[in-house]
Structure formats: structure tokens, C-alpha cells
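Here is a short briefing to read alongside your protein. Please have the sequence and the 3D view open as you go.

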Amino acid sequence: MSFIVPFQYKDIYAHKEYTVFAVNEDQPEKRSGYVQGYWRCTHCGEGNQFRLYDDAPNHIAKCPKCRKEFIAVEEIEEDFDDE
Ligand SMILES: [Zn+2]
């Protein structure tokens, strides 16, 4: 069973801050090698920012609204390996 951990992400380039849901990582800001992006839940349509740490093209994410897992298909690659 997957779990999600919300945290505040500061986008230093866009000068804004928003909530990101880290999947299966309880210390999201201490770990590198992730993909972060915006995905919509395939069950209820709720869209959120997620940070994913597995390296398949299809990631498992979990919706904070309906609490169901869904496949987050990677469309735009945003890899921040060297954070
Ligand atoms: Zn949902």
C-alpha cells in the first residue's frame, strides 16, 4: 500500500510555494533522484503535484482526495537528480 506525504515546495524560479505530495517517501526533501510533476487522479479527476521516487515510466501515485492509487504516466520528464 502506498502512502503520501504532503510538503510545501518552494519554487525559487517562479517565486511561489505550493503543496507537493511525495509518494512512499517520508523525508521527501532529503532524498534525490525523483520526478516531480502534475498529475490527475484517474478515479476522481483531482489534480495535484506529486513527487515520485520509483523509476518506471508509469509511476504509482495516490490521490489525497479519494485515497486511491493510480498510474501517473510520465509525459514530461522533469528529473532533478542533482538537487
Ligand atoms: Zn482521486
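Predicted model: local features only at pLDDT ≥ 70, side-chain atom pairs only at ≥ 80, totals over all residues.

**Overall fold**

- The protein has 6 strands and 0 helices.
- Of the 83 residues in the protein, 22% are buried.
- If you take the contacts between residues at least 6 apart in sequence, 39% of them link residues at least 24 apart.

**The nonpolar core**

- In soluble globular proteins, nonpolar side chains tend to be buried together.
- Here, the largest nonpolar core is made up of 12 residues: I4, V20, F21, A22, V23, Y34, V35, W39, F50, L52, A61 and A72.
- Strands β2 (16-23), β3 (35-40) and β4 (47-52) are the elements that each supply two or more residues to this core.
- Strand β2 provides the largest share of the core, with 4 residues.

**A closer look at E17**

- You can find E17 in strand β2, the strand with the largest share of the core.
- Is E17 buried or exposed? E17 counts as exposed because it has 11 C-beta neighbours inside 10 Å, and a residue is exposed if that number is 12 or fewer.
- Setting aside neighbours within four places in sequence, E17 is in contact with Q8, Y9 and K10.

Technical notes
Residues numbered from 1 in each chain as written. Core = buried A, V, L, I, M, F, W, Y, C linked by C-beta atoms within 7 Å. Buried ≥ 20, exposed ≤ 12 C-beta atoms within 10 Å, placed from the backbone. Contact = placed C-beta atoms within 7 Å.
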